[in-house]
Amino acid sequence: MKIVVIGGTGLIGSKTVAKLRERAHEAFAAAPSTGVDTITGEGLDAALEGTSVVIDLANSPSFEDEPAMEFFQTSGRNLLAAEKKAGVVHHLALSVVGTARLQDSGYFRAKQAQEELIEASGTPYTIIHSTQFFEFMGAIARAGTQGNEVRLSSALIQPIISDDVAEAVADIALGAPVNGLVEIAGPDREPMDRMVARFLSAAQDPRVVVTDPASPYFGVVLEETSLVPAGKARFGATTFDAFLGRGDLRT
């Protein structure tokens with residue numbers, strides 16, 4: 001089966017392409033560097049010719065409100081239109097657990113708009129809502145840093161390693177479209193402030209985490225369960241302790 005992975009050269013995309021190829025599928029990593037641009041439409045029709053499944057893992061290069069909305073709407077419309085012409089039978093997109101609860105953020109409003117385009121497209125689809133990646137812990141710390149302090153909410157998080165995300169994406173892409181949401185998360189659920197403090201300690205980073213319930217998460221003041229699955233979810237196998245033990249942490 002031919003599967004096109006939009007954003008196929010990125011962190012999740014490259015791992016997803018590798019896992020699909022291991023299973024003997026023809027997986028094409030679509031990105032501007034490989035001649036496919038979902039914003040301009042360049043190379044899109046040719047890439048999708050004969051394609052059964054499209055996996056959209058592309059992300060906006062900007063978290064600012066207007067650029068993010070422009071990216072997800074333009075890319076989404078171009079991609080879904082090209083899929084209709086190609087006869088794609090399963091569109092899969094990666095989004096974020098809690099997107100509908102995070103609408104005070106322009107970035108998450110853009111992700112919601114992307115999901116609404118998919119739902120209205122008429123193409124059979126699956127939207128995967130993932131929790132934060134383990135590899136994103138450094139970015140969370142940077143976003144909350146003020147001097148030598150990292151001010152963070154104590155809201156719960158349940159991050160997942162990128163390898164487990166790619167495994168889930170590959171599995172779900174090869175299954176039947178659910179025409180709805182599937183949630184994935186890591187095995188460990190803890191308050192954000194505590195988990196980031198453990199991450200910084202393991203990375204020998206001297207910054208001090210300060211618990212601040214009013215500290216926004218990328219523009220959103222969180223409720224306790226804003227960032228964790230609301231119901232049934234698929235859980236990755238890799239624990240946070242196993243990730244911390246790898247010794248190559250980037251803050």
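Strands E6, E7 and E11 make up an open sheet of three strands, ordered E6-E7-E11 with mixed pairing; here two strands pair if DSSP finds at least two bridges between them. E6 (145–146) and E11 (208–211) are the edge strands with a single partner strand each, so one side of each has no neighbour in the sheet. E7 (residues 149–152) runs parallel to E11, and four bridges join the two. Within that pair, Leu152 is opposite Thr211. Helix H7 (residues 192–202) packs on the sheet and touches E7 and E11, its direction making about 175° with that of E11. Contact means heavy atoms within 4.5 Å, and axes are lines fitted to C-alpha atoms, for helices over the stretch in contact, with angles from 0 to 180 degrees between N-to-C directions. Helices (H or I, at least four residues) and strands (E, at least two) are DSSP runs, numbered from the N terminus.

This is a predicted model, in which local features need pLDDT of at least 70 and side-chain atom pairs pLDDT 80 or more, while totals for chains, interfaces and linings use all residues. Residues are numbered from 1 along each chain as its sequence is written, and side-chain values use heavy atoms, without hydrogens and water.

Now to the pockets. On a 1 Å grid over the protein atoms alone, a pocket is an open set of points where a 1.4 Å probe fits, with protein on both sides within 12 Å along at least five of seven lines; lining residues have an atom within 4 Å of a point.

| Pocket | Volume | Lining |
|---|---|---|
| Largest | about 690 Å³ | 25 residues |

Asn59, Phe63, Tyr107, Phe133 and Phe136 lie nearest the centre of the largest pocket.

Conventions:
Points joined across faces, edges and corners; volume = space filled by probe spheres on them.
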